[in-house]
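Please look over the structure shown here before reading the numbered points.

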Amino acid sequence: MADPSAKAEGAFRTISEVAAELGLPQHILRYWETRFSQLRPLQRAGNRRYYRPADVALARRIHRLLNQEGYTMRGVQKLLAQPEQSQEGALPAASATESGGTNALIAIRDALTAALATDQSSRP
């Protein structure tokens with residue numbers, strides 16, 4: 001197999017080259033194609049996938065977000081769905097929304113616990 005670094009910067013990469021560069025199995029890249037609409041490599045005869053430089057950069061970004069920064073699949077999907085300009089400030093907004101949701105769930109849990117305690121104390 002050819003060394004991916006030996007190719008020109010703008011050259012297309014095969015799925016095996018991209019998978020080797022990222023240290024992932026090929027099936028993970030195929031799975032990402034189903035989950036991230038932005039990741040669409042060219043498919044030629046026999047469904048051979050050829051990743052353009054932009055596709056390789058996107059695969060690297062998805063890999064970094066999922067495996068190094070700890071994002072969930074849904075979190076990366078939301079981040080990639082945002083316009084490019086607003087992606088830099090996306091982290092604090094997402095954190096605030098998630099913590100607000102957590103606080104709401106804690107309040108519901110506490111209300112249910114209190115209702116359950118009241119119900120059990122009123123029984124004979």
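1. The structure holds six salt bridges, a salt bridge being a side-chain nitrogen of Lys or Arg within 4 Å of a carboxyl oxygen of Asp or Glu. This is a predicted model, in which local features need pLDDT of at least 70 and side-chain atom pairs count only at pLDDT 80 or more, while totals for chains, interfaces and linings use all residues. Residues are numbered from 1 along each chain as its sequence is written, and side-chain values use heavy atoms, with hydrogens and water left out.

2. One of the salt bridges joins Arg-60 and Glu-21, at 2.5 Å from N to O. This pair links distant parts of the chain, with Arg-60 in helix H3 and Glu-21 in helix H1 (residues 15-22), 39 residues apart. Arg-60 is partly exposed because its relative accessible area is 39%; Glu-21, at 35%, is also partly exposed. Here buried means under 20% relative accessible area, exposed over 50%, and partly exposed in between (1.4 Å probe, protein chains only).

3. Arg-52 and Asp-55 form another salt bridge, at 3.1 Å from N to O. Is Asp-55 buried or exposed? Asp-55 has a relative accessible area of 5%, so it is buried. Arg-52 is partly exposed, at 29%.

4. A salt bridge also joins Glu-69 and Arg-64, at 2.4 Å from N to O. Glu-69 is partly exposed, at 40%, and Arg-64 is partly exposed, at 32%.

5. The protein has five helices and three strands, which run β-α-α-β-β-α-α-α from the N terminus on. Helices (H or I, at least four residues) and strands (E, at least two) are DSSP runs, numbered from the N terminus. Of the 124 residues, 25% count as buried.

6. The axes of helix H3 (residues 53-67) and helix H4 (residues 73-81) come within 10 Å and cross at roughly 135 degrees. H3 is therefore oblique to H4. Axes are lines fitted to C-alpha atoms, for helices over the stretch in contact, and angles run from 0 to 180 degrees between N-to-C directions. Angles under 35 degrees count as roughly parallel, over 145 as roughly antiparallel, 65 to 115 as roughly perpendicular and the rest as oblique.

7. Leu-105, Ile-108 and Leu-112 make a nonpolar surface patch of about 330 Å². Patches are made of residues with over 30% relative accessible area and no salt bridge: like charges are joined within 9 Å, nonpolar side chains (Val, Leu, Ile, Met, Phe, Trp, Tyr) within 5 Å. Leu-105 lies in helix H5 (residues 90-121) and counts as exposed, at 59% relative accessibility.

Key: Areas by Shrake-Rupley, 256 points an atom, 1.4 Å probe, with all protein chains shown as cover.
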